[in-house]
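This briefing describes selected features of one protein structure for computational work.

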Amino acid sequence: MKTALLQLNVSDDPAANLAVTLAYVREAAEAGAEFILTPEVTNCISTSRVHQNSVLQHEDDDITLAALRGEAKMHGIWLLIGSLALKTADADGRFANRCFLIGPDGTIVARYDKIHMFDVDVSPEETWRESEGYRPGAQAVVATAPFAPIGLTICYDLRFPKLHAALANAGAQILTVPAAFSPVTGAAHWHALLRARAIETGCFVLAPAQTGEHASAHHKTRRTYGHSLVVAPWGEIQMDAGVAPGVYMTDLDMGEVSKARGRVPSLENARPFDGP
């Protein structure tokens with residue numbers, strides 16, 4: 001199955017970002033991609049909650065979601081919107097970090113809200129408190145597509161192997177990890193963690209990523225690591241996009257899932273145990 005990962009360098013302007021994303025989706029579809037994936041926060045990267053409140057929308061009104069649903073229908077493709085930052089009805093005003101799987105008729109097949117919040121102190125200069133601006137989800141999701149069941153995750157979820165094991169045990173053969181990864185943690189851990197999740201589950205792991213310095217006229221800029229990856233079920237890196245924005249194509253042979261799981265059936269061999 002011909003698959004395309006979009007590596008983006010979005011700004012804090014959703015309308016400008018949408019124009020670029022639509023162009024990449026069209027490029028990928030015209031090249032024959034049947035399944036196209038975008039990164040985390042496809043619509044807007046911003047470190048300012050004030051600015052986010054001024055430009056983000058609720059799901060029903062979001063211009064990026066509406067346009068990408070239309071694009072999926074126009075080309076008859078499956079489209080994973082890695083995530084959108086969206087307003088919610090929560091009294092505390094926190095946003096949702098929400099992934100969407102869009103079918104070839106433009107319908108929303110599945111939604112997933114990021115479960116694990118990036119609340120970390122990477123260094124004295126780099127501190128993140130994602131939970132201050134975003135509410136965490138609580139529901140793991142395996143979406144049904146004709147080519148494979150898909151386990152949905154987002155970015156920091158990558159560090160929690162029990163989630164990925166649960167998705168695989170629920171039938172997932174593809175795990176998606178759209179991300180906006182820090183350059184520091186990306187250089188240290190990105191490749192190793194993605195390969196580990198593939199090896200542990202015998203799944204394809206598809207990780208479209210944000211990359212570079214993200215322009216902003218309103219607040220401090222942010223940098224992300226890039227290196228959108230496709231990891232095969234045996235753990236081989238099938239594709240590494242490097243750091244340039246663009247469309248990156250690959251072919252998925254879903255027969256590799258049963259082949260890898262047959263060689264090392266770790267999902268079947270897992271046993272419950274008492275705690276130490």
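In helix α5, which spans residues 161-169, the buried residues are L163, H164, L167 and A168. Viewed down the axis of α5, these buried residues fall within an arc of 135°, so they line one face of the helix. The structure is a predicted model in which local features need pLDDT of at least 70 and side-chain atom pairs count only at pLDDT 80 or more, while totals for chains, interfaces and linings use all residues. Residues are numbered from 1 along each chain as its sequence is written, and side-chain values use heavy atoms, with hydrogens and water left out.

- Buried denotes under 20% relative accessible area, exposed over 50%, and partly exposed in between (1.4 Å probe, protein chains only).
- Helices (H or I, at least four residues) and strands (E, at least two) are DSSP runs numbered from the N terminus, and the arc is that of the directions from the helix axis to the C-beta atoms.
- K162 and N169 are exposed on the other side of α5.

**Strand β10**

- T176 belongs to strand β10, residues 174-176, and is buried with a relative accessible area of 0%.
- Apart from neighbours within four places in sequence, T176 is in contact (heavy atoms within 4.5 Å) with L37, L80, I150, G151, L152, T153 and L206.

**Nonpolar cores**

- A nonpolar core is a set of buried Ala, Val, Leu, Ile, Met, Phe, Trp, Tyr and Cys residues joined through side-chain atoms within 4.5 Å.
- The largest such core has 50 residues, of which F35, I174, W190 and L194 touch the most other members.
- A second, separate core of 33 residues includes A4, A29, I81 and I108.

**Aromatic rings**

- The whole structure holds six aromatic pairs; rings of Phe, Tyr and Trp (its six-membered ring) pair if their centres lie within 6.5 Å, and planes under 30 degrees apart count as stacked, over 60 as edge-to-face and the rest as tilted.
- Y156 and F160 form an edge-to-face pair, 5.3 Å centre to centre with 85° between the planes.
- F181 and W190 form a tilted pair at 4.8 Å and 50°, and both residues are buried.

**Cysteines**

- No disulfide (a pair of cysteine sulfur atoms within 2.5 Å) is found in the whole structure.
- For C99, the nearest cysteine sulfur is that of C155, 12 Å away.
- C99 is buried at 0% relative accessibility.
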